[in-house]
Each structure stands twice: as C-alpha cells, then as structure tokens.
Amino acid sequence: REMASRRGFSLVEVLIVLAVVAFLAVVVAPGYFGVRSRQVLNSMTLRVIADIRQTVERSKAQESGLQWGIRVWNPTGVGNDYYEIWSGTSYAAGTVLAKIYLSPQLNFTDPVDNSSRDVIFAKATGLPNLSTNIVINSSVLSNQIGMVSVNTSGKIDYDLVKDLVGYWDLDENTGTTVSDNSGNGNSGTFSAAPPTWTAGASCKS
C-alpha cells in the first residue's frame, strides 16, 4: 500500500507569502481604511443635515403645536459627542424626541469642547434663530472635516473640506486669541492691537 506523499512549504515560499502580506499591510490597507473613514465622515455629515432639515419641516408644520430645535453637544472626553432633536419654547430633558451619537471615530470641534449649541427653528417659517456652522472632525483622517452650515435666511448646506490647515469661526468677540476648530490645533493670536470684533464673521483656510 502506497503512502500519500506530504509536502510542506519551502523557506522561499514562506518568505514570498510574508512579503506579499507585508506589501498589503503597508500599501493597500491604509488606502482602504482611508476610504472607509471618509465614508463614515460623509455619511455622518449627511445624517446631521438630514435631521436638521427634518426638524425645520416639523417647525414649519407646527408639529404638536410647537417649534423645534437641535442641540449639539460636545462633552469632555472622546467618542461621546451627540446631538438631540427637541421641541418647545426652550430645551429641557423632557422635550427631547431623539438623541443621536456620532460614530466613535468622529467628534464635534464646533461647538468647542465641553459646550453645546441650540439651533431653534421658528414655527410656520422654519427660520433659525442664528447663523452657525457645525463642524465634524475625524480622529482617523488628517486635515478633513465635515461642515454643516445654517444661516438666518433658512439656507442649510454642507461641505466636506479636505487638506484643511485650520478653521477659525472668529466668534470669540473679545481678546486677541482665535481658536482653531478644525482639530489641527492651529489656534492663533493677533500680534497687533486687539481687533474690533464684528458679529457673524467666519474664516476657513
């Protein structure tokens, strides 16, 4: 009776396999994860703008006889940023309809850390109480943000900004320091005399 021959791997074959695996890890994997991370950022930005637009429609329809709003939360910590859809004359825990968390790799950089912001839409008209930007940053992608813009005329838009050096709202209204809301840490200081602050200014570069 003949024994079936068994053949192992040669050292050369093992080295070839290891080289292929190393190539995939160094060249292919970063590209894949970069694409996937951009999809996560894009998807979350679209979710935020869709929820804002739906909230506007609730106010226009005066659903439940109320005005509606969005509160954006940027609490201290990582991976715990969220926003809430609420109704009524002012925000309160009992008025919240929905609470939506960002993906763990995403965070708000505008509003800044340990703060929140309300955008309230008037009954019937759906017009917001302020012009503002909501900035979403990815901890995986460098120099890329998702930005949702709302202005008092009712226009709501979004943009995915790449190769961003910094994003300055210029809304400090006092002092000589301006915060970078891109997540890149490029805050600035006016070197000349203190500026004259004007409401509604914003800048990105």
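The legends below describe close-up views of a predicted model. Local features need pLDDT of at least 70 and side-chain atom pairs count only at pLDDT 80 or more, while totals for chains, interfaces and linings use all residues. Residues are numbered from 1 along each chain as its sequence is written, and side-chain values use heavy atoms, with hydrogens and water left out.

**View 1. Nonpolar surface patch with L11, V14, L15 and L18.**
These residues make a patch of about 390 Å². Patch residues have over 30% relative accessible area and no salt bridge, and nonpolar side chains (Val, Leu, Ile, Met, Phe, Trp, Tyr) are joined within 5 Å. A salt bridge is a side-chain nitrogen of Lys or Arg within 4 Å of a carboxyl oxygen of Asp or Glu. Areas come from the Shrake-Rupley method with a 1.4 Å probe. V14 belongs to helix α1, residues 11-60 (helices are DSSP runs of H or I, at least four residues; strands are runs of E, at least two). V14 is partly exposed because its relative accessible area is 36% (buried is under 20%, exposed over 50%, partly exposed in between).

**View 2**
Leaving aside neighbours within four places in sequence, T45 is in contact with I136, G146, M147, V148, Y158 and L160 (heavy atoms within 4.5 Å).

**View 3. Open sheet of 4 strands, ordered β4-β6-β7-β8.**
The pairing is antiparallel; two strands pair if DSSP finds at least two bridges between them. Strands β4 (106-110) and β8 (156-161) are the edges, each pairing on one side only.

**View 4. Antiparallel strands β7 and β8.**
Strand β7 (residues 145-150) is joined to β8 by 6 bridges. S149 stands opposite D157 in β8.

Conventions
Patches are made of residues with over 30% relative accessible area and no salt bridge: like charges are joined within 9 Å, nonpolar side chains (Val, Leu, Ile, Met, Phe, Trp, Tyr) within 5 Å. Buried means under 20% relative accessible area, exposed over 50%, partly exposed in between (1.4 Å probe, protein chains only).
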